[in-house]
Structures are given as C-alpha cells and as structure tokens.
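Reader: I would like to go through the terms used for this model and see what each rests on.
Author: Go ahead; each term will be set against its cut-off.

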Amino acid sequence: MKLQMSREVDLGKEPVGKLLVILALPAITSQVVNALYNMVDRMYIGHIEGIGADALTGVGVCFPIIMIISAFAYLLGMGGAPRASIYMGKKKNDHAEKILGNCFTALTIVAIALTVLVLLFREPLLYLFGASERTIGYAIEYIDIYAIGTIFVQLTLGMNAFISAQGFSTISMLTVIIGALTNIILDPIFIFVFHMNVSGAAWATILSQALSALWAVRFLMGKQTILRLKKENLKIQWKVLAPCIALGVAPFAMQATESVLVLCFNSSLLNYGGDLAVGAMTILSSIMQFAMLPMQGLTQGGQPIISYNYGANHPQRVKKAFQLQTIACFTYSTVMWLAIMLVPSLFIAIFTNDPQLTQISVWALRIYMAGVLLMGLQVSCQQTFIAFGNSKISAFLAVFRKIIVLIPLIYILPHFFSDQVFAVFLAEPIADTIAVLTTLTLFIINFKKLLKHMESEEPNSEAIR
C-alpha cells in the first residue's frame, strides 16, 4: 500500500507489534500527560496553606462537570475517528474527510451550548455533586473560569482523536504535551506567585487547553495530514454524523457516567463520613483516573491498527493486534495493582499532607482499587468493540459496570456493614469483577464470529499488499 510520504506508519503493511509500539507509546504519554491537566491543579491546590483541604474538596466536586464536558468531545471525536480509520482501510478517504468536517462543526456547536448551560446551572449542579457550605465557594471560583475554555477542551480532545486515527502518533502526543507542560509551568506561578489560588489553577488549565486546540486544528488544516479539514465538509450531514454519534455513545457513556458515579459516591460519603470522606474520594478518583489512562493509551494505539485492518479485511492482523494489546494492558494493570496494595501512601502524598485526610485515604485506596488487577482485560475488550464499529455492544458495556452494577451497590452495601464508609468504597472492586466477567464472555463469543466472517470474505489486496 502506498500512502503519502507524510504519514508516519503504514497501518496495513508494517509488523503489528512494531505498529503497536510506535502508536501506543506516544498515546500512553499523551494520556498520562493529559491527566496532569486536572491532577496538577489538585496537587498544587491541596498544598495551599490554610485552605488546601477545603479547596481540594471544592475543586473535586467540579470533576463531574469537567467529565461531562470531556464526554461530549469523546462522543464526537472517539465516535468519528474509528469510522474514519475504517473508511481509510476501505480506500475511501473522501468520506473519512466528511466525517472529520462534520465532527468539527458538531464539536463547536456542543461547546457553545455546554458553556451556556454550565454557567447558568453551576451552583445547583455543584451542590448536587457533593459541595457543602465550606467548599461551594472554591468550586464556583474554579468552574466559572473552566467553563469559558469549553471550546478548547472540545477541539483538543475531539480533533486529536482524528490525528491518532491516521497514524500520526507523535503529532497527537505533542498536542497534549504542549498544553500539559504549559499548565505545569503556569499553575505554581498563578497559584503561589500571583496568589490567585483556585482561580489561578483554572486560568492555567484553560490557557493550556487553548494552545493544544490551536496546535491540533492547525495540523489538520495543513499539508502533512492525510485527512484535512475542508470548508465543504463542515456542513453537517446527518447520514455522515449519525453513525459517528452512535459509535461514540460508548466512550461518551464511559466518561459521562463518571459524573453520575461521583454524585452517588459523594452523596453517600458526605452522609456517612462528611467532607473528609468526600476529600478522600477526590484523591481516589484522581489516582484511578491516572491508573486507567495508560491502558486507554494502549488501546488508543491499537485502535487505528484494528480499525484499518478490519476495514481492509485482514483478520490475522486484527487478531494479532488484539492479542498484543491485551497482554500489554493486563501486564500494566497487574503492576499498578501491586504498587497500590504495597505502597498506597506514596500515591496519597502526591495530593495532600493533611494527617486526617491521609489516614482515611490510605486504607480506602486499597479497597477502592482492589479490582484494578482485572481492568486490563476489561479495557482491551471494550475498546476493541469500538474499534470494530460495534456501537450496540460497546454502549451496553459502557453503562453496565457503572449504571447497572456499581451505582446500586453504592447504596445497597452500606446496609450490610457496620463501617458504612468502607462499604461504599467496597462497591467499586465488586462491580469491576462482575463487569470483567461479563465483558470477557461477550467478547469471546463475538470475536470468534467476527474472525470467521472476515476469513470468509476476500481481503482488500490493495490495502494489505
């Protein structure tokens, strides 16, 4: 297969193992660095003298709103990008560019709507997600500024998915690194030097996202990219956009339901353990987010390989990519699980030096993340369904663990334990185990059928030559 010289990798020809390394390493770096946007804010905020614990909790209750904003970027970016990869595998780049243009316009419209809604309803939403009279001021201070940068979040996350889908792993990584490094530099300056405290962290974040968005959009309008943003593709066509939204429901649900989870966790913990327990949940959710992102980076690297070769009808390359991706994800989740079980205090110390908050967070972390050992299998299988364009199963799995299993457990388990805060945290590993068993069962059944169907079809010889 001959592609433009500007392309970094050949998704249909180069060895699968080599491709996964080339694409996954920058994707993992991007995911980890991207986590620093919010985590660095929390690290610095948690160490502000005098107000650190309350300010950290206040910013923590903003997290569900931030997740909802990100979820809409995933709905369109991660819904459209795999479809663009599939059409590239079918040698239909014109249609792939229509997908890119439609998703760009939709992201812009959604960003404007979200900005207005957040600014109008932020106070009742923050109380809903666990704010108290002590923390609401910090929460409003942060989210008012963050909402202004919604357009930058949408374009950075959404457009970067299309950069990754074409195999431009280094460019995709730089999109994230540019913003994250800017954020790391600006945070201590705004918070401690200019004494802007929580508002300083928010301004640092949106200015950093603005740089990332500019970088991503300029690349997709330039000469190096294969799929280019073109004026004629910006007009939304429902027949082009609708399948992207359908496929994006799964990553949207995975992200958006985090907000519902935080609501459920925080409301229960506020009831049983007060602001201290909610503060611990802020730390635990940050560590969980960080732990999951490298696996998401691995599958983000695997997605273009699987999607492209699925479109090119090359089953052996699809099978190989999935096997290597799964081994890597499970190995990582095992190492992370061991580290958390053995030295949880090292992770907690990143976010707080408050003795009371540290004490509850250390034991809670071991309980809350006891099931992370199995999540490598969950993430690999679930993301592969998305790579195949299977919107129905991927959407079901996205809501099954959190909505169907985890949320009921958060409210049921405290009735069976004398330590009700312990029971709330215990809901997470139980739900993880049930979800992994369900996902593996569905994947084994459907993967065998898919490979059998692909083997019965003629491969796209041009794509795999």
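Reader: How many salt bridges does a search of the whole structure find?
Author: The search finds six, a salt bridge being a side-chain nitrogen of Lys or Arg within 4 Å of a carboxyl oxygen of Asp or Glu. This is a predicted model, in which local features need pLDDT of at least 70, side-chain atom pairs count only at pLDDT 80 or more, and totals for chains, interfaces and linings use all residues. Residues are numbered from 1 along each chain as its sequence is written, and side-chain values use heavy atoms, with hydrogens and water left out.

Reader: What makes Lys230 and Glu97 a salt bridge?
Author: Their closest N and O atoms are 3.0 Å apart, and the cut-off is 4 Å. Lys230 sits in the loop between helix 8 (197-220) and helix 9, while Glu97 belongs to helix 4, 133 residues apart. Helices are DSSP runs of H or I with at least four residues, strands are runs of E with at least two, and both are numbered from the N terminus.

Reader: Why is Glu97 called buried?
Author: Its relative accessible area is 7%; buried means under 20%, exposed over 50%, and partly exposed in between (1.4 Å probe, protein chains only). Glu97 is therefore buried. Lys230, with 28%, is therefore partly exposed.

Reader: Why does Ile112 count as exposed?
Author: Ile112 has 54% relative accessibility, so it counts as exposed. Ile112 is in helix 4 (residues 93-128).

Reader: Why does Thr282 count as buried?
Author: At 6% relative accessibility, Thr282 is therefore buried. Thr282 is found in helix 9. Beyond its neighbours within four places in sequence, Thr282 is in contact (heavy atoms within 4.5 Å) with Arg42, Leu56, Thr57 and Gly60.

Reader: Why is the protein called as compact as a globular protein of its length?
Author: The protein comes to 16 helices and zero strands. Its radius of gyration is 22 Å, close to the 23 Å that the globule rule gives for 465 residues, so the description holds. The radius is taken over C-alpha atoms, and the rule is 2.2 Å times the number of residues to the power 0.38.
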